[in-house]
Amino acid sequence: EFNIQLYPWNRALNLATTQGDLIFGISLTAEREKIFSFSEPVTSNNMWLVTREENYITYTNIEDLKGKTIDIFRGAKYGGEFDQAKGTLFKIEEGTGTYSQRLNRLHNKRVDAMIFGSEYTDEKDVKMQVNEIVKNELSKMDSSTPYKFRVLANPIFKDNVRFAILKGKNEQLINNISEAI
């Protein structure tokens, strides 16, 4: 039985780190693995790169982001080469807003691309998600130019979503969750 509390991500992470609260939606990184015990993955999100239609980025490896500014959710850790390269190979813009707010930043050329998490594995399905946001949210905003975005053909990485708890706090709970998964 869970008592679900919704918090902004940084506060949720702080509570999990300092008070040992169970947290959901966390990615396993080497840094986090030192302080948290993780469940098996609950689900996976594919991380897609979205650009403006006229400013498409060809992506085959992390080096293709050199000199770009990428919008990510504030506090997000994606692990591996992406986290190692941010701030050196490319810049990041951390936002707390919704996808519509982040797409608007992309549209207004404040960033070159953004990371868009989706359970979908086909770029056409992700493009439909983006188009729904444009239709239902962005089209209500005043813009002198139409909102046109492109989703890369393949996700740039896959992020496994898990439960986690501070090491030594309640390891049995994480074991039970992993067993249930």
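The largest pocket in this predicted model has a volume of about 1,100 Å³. Of the 37 residues that line this pocket, the closest to its centre are Trp9, Ala12, Ile23, Phe24 and Gly25. One of these, Phe24, also takes part in an aromatic pair with Phe163, and the count of aromatic pairs comes to seven.

**Lining of the largest pocket**

- Helix H1 (9-18) and the strands E1 (23-26), E3 (43-52), E6 (113-118) and E8 (157-166) each supply at least two residues of the lining.
- Among the contributors, H1 gives the most to the lining of the largest pocket, with five residues.
- By residue class, the lining divides into 19 nonpolar, eleven polar and seven charged residues.

**The pair Phe24 and Phe163**

- The ring centres of Phe24 and Phe163 are 4.7 Å apart and the ring planes stand at 50°, so this pair is tilted, given that planes under 30 degrees apart would count as stacked and planes over 60 as edge-to-face.
- Because Phe24 lies in strand E1 and Phe163 in strand E8, the pair ties together parts that are 139 residues apart in sequence.
- Phe24 is partly exposed, with a relative accessible area of 42%, whereas Phe163, with a relative accessible area of 18%, is buried, the cut-off for buried being under 20%.

**The pair Phe82 and Phe157**

- Phe82 and Phe157 form another aromatic pair that is tilted, with 5.4 Å from centre to centre and 50° between the planes.
- This pair links distant parts of the chain, since Phe82 belongs to helix H3 (residues 80-85) and Phe157 to strand E8, 75 residues apart.
- Phe82 counts as buried at 2% relative accessibility, and Phe157 is buried as well, with a relative accessible area of 17%.

**Aromatic cluster and charges over rings**

- Phe73, Tyr99 and Phe116 form one aromatic cluster, and Arg102 lies over the face of Phe73, at 4.1 Å from the ring centre.
- Arg150 has its charged end over the ring of Tyr56, 4.2 Å from the centre of that ring.

**Strand E8 across these topics**

- Strand E8 (157-166) supplies at least two residues to the lining of the largest pocket, and it also holds Phe163, the partner of Phe24 in strand E1, as well as Phe157, the partner of Phe82 in helix H3.

Key. Residues numbered from 1 in each chain as written. Predicted model: local features only at pLDDT ≥ 70, side-chain atom pairs only at ≥ 80, totals over all residues. Heavy atoms only, no water. 1 Å grid on protein atoms, 1.4 Å probe; cavity = no way out; pocket = protein on both sides within 12 Å on 5 of 7 lines; lining within 4 Å. Points joined across faces, edges and corners; volume = space filled by probe spheres on them. Helix = DSSP H or I, 4+ residues; strand = E, 2+ residues; numbered from the N terminus. Nonpolar A, V, L, I, M, F, W, Y, C, P; charged D, E, K, R; others polar. Phe/Tyr/Trp six-rings, centres within 6.5 Å; stacked < 30°, edge-to-face > 60°. Buried < 20%, exposed > 50% of the residue type's maximum accessible area, 1.4 Å probe, protein only. Lys NZ or Arg CZ within 6 Å of the ring centre and 35° of its normal.
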